[in-house]
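I opened my notebook to look a few things up in one structure. I wrote each point down as I went.

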Amino acid sequence: MPNSYGVKMLNEHQPLKHINPVCSVILLISVLTLIGIGIYHTYPPSQSSLSAPKSTFSSTRAMTHVRQIAVHPHPTGSLENENVRKYLLTQLKELGLEPEIQSALAVNPKTKQVGRIHNVLARIQGITPGKALLLAAHYDSVKTGPGAADDGASVAAILETLRALKTHTALQNDLICLFTDSEETGLLGAEAFVQQHPWAKTIGMALNFEYRGNRGAFMMFETSEGNGKLIEGLATAVPFVMTNSLMYEVYKRLPNDTDFSVLKRAGIPGMNFAAIAGHKSYHTQLDRPEFLDQGTLQHEGEIMLALVEHFGNQPLDSLNAENHIYFDFPGLGVIHYPMSWAIALCGLLVALFAALCVANYKARLIRPIPLLTATLTYPVLIFALYNVDCYLWYVVRLFHPDYESFAYDDTFNSYCYLLGFIFLNIALSGGAYLVIKRWVTNTELFLGITVCWLLMALFTYNNGANFLFYWPLLAMLISLVLLRLPFIKNHPRFILLILLLGSVPGLLIFTPLIKNLFIGLTPSYMGVILLFLGLLLGLLSPVLAEINSNKTGVILSVLIALFGFILGSC
């Protein structure tokens, strides 16, 4: 039985003789290039210098503040905390502002924590009366680290943003800068602000900035409900920010809290930002200025300044709108649309899938029982891979009990293990598909996998995760429809090109997602992280069939996996 998927769409019994190994190598290189683009997309821009224009954000200028703020740990109530507060007051006055200190006894009604806090606030009057825009970051640190990233970098970014704004035209809206105290011990500064300060009632929108590491691209990971206008503004104002509505769906189900949680509970719409790479520095002595990635700080500042310029000149009285599905895409920025569109869009998926099934059935290229077999086998394979990954990481931990000293098993060589696990999953998936194709054709295999993807897209039609299943599947279905056109099906190179184009959304959406999941969840959740790889490998089975028509790819993947595991264990 021929292995070429392009041939299967045309004739299950005629191999595609015009395709030579060179074309397969070119296809492989193209796929690897797309993966490289997806990985590159997760890195922040380069840092800016002191010579950058005064109207722009400069991470080098902001770092002068970070070095002053993060000399020592400065938890709430400490002398170091008071010194940082004095530094903030001095810098704000030098910017021509009249800062104030809010001293209060605060209570967190959710955690029942109580403490005395000292928030620092400053307000810039806008031209037009109305709701104010809030910039928020906390200036306290934990006792175990000096807090260069968490959250000294965000405090410094606000100061540098205020300096840059002095060279710009005055904003239409008031801008309030809130430097909260005691975020690390119960979000008490934010609680005191929303419960006791009169400015809290004048806020139309809040932007909160945090760190859970000390490097990586900045993410917008949380919004308030009714986020349509917020996402529209983000997409318009910021050319590059890592974000998607899946992050929002996941985060709102987690017990994690930041100052934005308090603001959101108070009914203030807004967005929450953070950098999460470099988790090993989080709340440790590694959270020092010399280890902070200035590219990350530059990215934060560019986002902050752009959003202040945009929302500082937009009416903030009524921001509530229908939730959007949204995701960032390399080269295109943030793609977004109302969640209500998902019903009609899913209808298009169903129509394309039905058309493919009917056309292939009439051409006698698919059979009901093998198609059902492929459909049922795919989720079994995904579940099996999940269990293999979980058990194998358990075995790795048995051989390396010293990993317990790292939070969530986030070791310094964890990326070596990730390489090993990825290629192990590729090898196992490839081997499984070679076995399955003894009983099913490539067309039956892919359409069986498509049934599972289609069900996932339909089940998430009213959920922020829908984009993850919709766009990659749509692209592959369109590519397979195109393969049936007469002027394409007789040109093997066109077949490869169309298959490659069909794989672009899947590769460019899933590659950054898998990397960011690995950063966010850490190796302790290896099984969960690689579930998404298993899903992607199934969707791309037509492309993989053209690259690997025998066991060579499986064997090579096993060797690379072994190399990754050996490198990680050294």
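In which helix is D151 found? I looked it up in this predicted model, and D151 is in helix α5, which covers residues 148-165. I also checked the peptide bond between D150 and D151, and it is cis, with omega about 5°. I noted for myself that most peptide bonds are trans.

Next entry: the whole protein. I found 20 helices and ten strands. I wrote down the span of the C-alpha trace along the principal axes as about 80 × 55 × 50 Å. Of the 570 residues, 58% count as buried. I then looked at contacts between residues at least 6 apart in sequence, and 80% of these join residues at least 24 apart.

I recorded 37 positive and 38 negative side chains, with the centres of the two sets 10 Å apart.

Cysteines. How many disulfides does the structure hold? I found zero. A disulfide is a covalent bond between the sulfur atoms of two cysteines. For C452, the closest cysteine sulfur is in C357 at 12 Å, which is too far for a bond because a disulfide needs the two sulfur atoms within 2.5 Å. C452 has 12% relative accessibility and counts as buried. I put C177 down as buried too, at 1%.

Positive phi values. L187 has a phi of about 55° and is not a glycine. I placed L187 in the loop between β4 (175-180) and α6 (188-196). R364 has a phi near 60° and is also not a glycine. I placed R364 in the loop between α11 (341-362) and α12 (368-399).

Are these two buried or exposed? L187 is buried, because its relative accessible area of 6% is under the 20% limit. R364 is exposed, because its 75% is over the 50% limit.

Last entry: P129. I found P129 in the loop between β2 (113-124) and β3 (132-138). P129 has a relative accessible area of 77% and is exposed. I also looked at P129 and N173, which are 44 residues apart along the chain, and their C-alpha atoms are separated by 6.9 Å.

Technical notes: Residues are numbered from 1 along each chain as its sequence is written. This is a predicted model: local features need pLDDT of at least 70, side-chain atom pairs count only at pLDDT 80 or more; totals for chains, interfaces and linings use all residues. Side-chain values use heavy atoms; hydrogens and water are left out. Helices (H or I, at least four residues) and strands (E, at least two) are DSSP runs, numbered from the N terminus. Buried means under 20% relative accessible area, exposed over 50%, partly exposed in between (1.4 Å probe, protein chains only). Contact means heavy atoms within 4.5 Å. Lys and Arg count as positive and Asp and Glu as negative; His and the chain ends are not counted. The place of a charge is taken as NZ of Lys, CZ of Arg, CG of Asp or CD of Glu.
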